[in-house]
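The following note is intended for a colleague who is new to this structure. Its points are numbered and may be read in order.

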Amino acid sequence: MAAEAVETLDGWYCLHDLRTIDWTSWKYASSEERESAIHEFKNLLTKWEAVENEENGSHVLYKVVGQKADLMFMFLRPTMDELTDIETEFNKSKFAEFLLPAHSYVSVVELSKYGPQHAEDDPRTQERLKPILPKWEHISFYPMNKSRDGEDNWYSVDFKERAKLLYEHSKTGRKYAGNIKQIITGSFGFDDWEWGVTLFAHDPLQLKKIVYEMRFDEVSARFGEFGEFFVGNHLAKDDIDAYLHV
């Protein structure tokens, strides 16, 4: 008998957009070009801030550590069309002329109905489905799947057993309350993996600790498959000039 699929509550659509800066082209651009590009970019950030202030979406920007990219944007919007509009408007900007696509991930904020759930119209549920992203100092983003390997096939496990495993997993996560903010997004049919996990922290070591400890939970040890990890440091609008100064 086929295992029962879990229902989900779905909120804002999500885009992780990672770019590499062509520093050579940036350095050889005239000071007027660079100044114009920075000014236009900061105006875009101000425009996105206005959307966030009206609680019609959210965004954050991080400097990526390592060689996988230089910048990581995370956008949340009520519709997929709005994500496309953001990406297109940014691509048409002067600053984007100095950027190269590095990676992207499309998903939607998701809550699974495995355990006791608040009603969809409960303000606490809506806050989780349509979150204002924290501007904490550090971020870690990675995609993941649930295994479909032989007896360790998540999609053939009984619903109650899956719920039990996820409950135990959540208890580990709750130990990091206040130190880690986690947002789970579903990407079935949207991207190459099944979920995206975004972790925010004040202390980067907490990112390592929570991922490491959760690997020992059975749901992760038996069924977890993980893609690339991207880690970064927050880049506030007021720090843009210093970051891009040459």
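**Notes on the predicted model**

1. W48 is buried, and F90 is buried as well; buried means under 20% relative accessible area, exposed over 50%, and partly exposed in between (1.4 Å probe, protein chains only). The ring centres of W48 and F90 lie 6.3 Å apart with their planes at 65 degrees, so the pair is edge-to-face. Rings of Phe, Tyr and Trp (its six-membered ring) pair if their centres lie within 6.5 Å, and planes under 30 degrees apart count as stacked, over 60 as edge-to-face and the rest as tilted. Because W48 belongs to helix α2 and F90 to helix α3, the pair ties together parts that are 42 residues apart in sequence. Helices (H or I, at least four residues) and strands (E, at least two) are DSSP runs, numbered from the N terminus.

2. On the basis of the values: this is a predicted model, in which local features need pLDDT of at least 70 and side-chain atom pairs count only at pLDDT 80 or more, while totals for chains, interfaces and linings use all residues. Residues are numbered from 1 along each chain as its sequence is written, and side-chain values use heavy atoms, with hydrogens and water left out.

3. The structure holds 21 aromatic pairs. In one of them, W26 and F95 have ring centres 5.7 Å apart and planes at 75 degrees, so this pair is edge-to-face. W26 and F95 also belong to one aromatic cluster, together with F41, W48, F73, F75, F90 and F98.

4. D17 lies in strand β1 (residues 8-21) and is buried, with a relative accessible area of 4%. Its side chain is joined to that of R19 by a polar contact of 2.6 Å. A polar contact is a pair of N or O atoms within 3.5 Å; within protein, one must be able to donate a hydrogen and the other to accept it, and residues adjacent in sequence count only if both atoms are side-chain atoms.

5. E55 is found in the loop between α2 (31-53) and β2 (58-64). Its phi is near 60 degrees, a positive value in a residue other than glycine. E55 is exposed, with a relative accessible area of 58%.

6. The charged end of K68 sits over the ring of F230, 5.4 Å from its centre. For K208, the charged end sits over the ring of Y212, 5.8 Å from the centre. The criterion is that NZ of Lys or CZ of Arg is within 6 Å of the ring centre and within 35 degrees of the ring normal.
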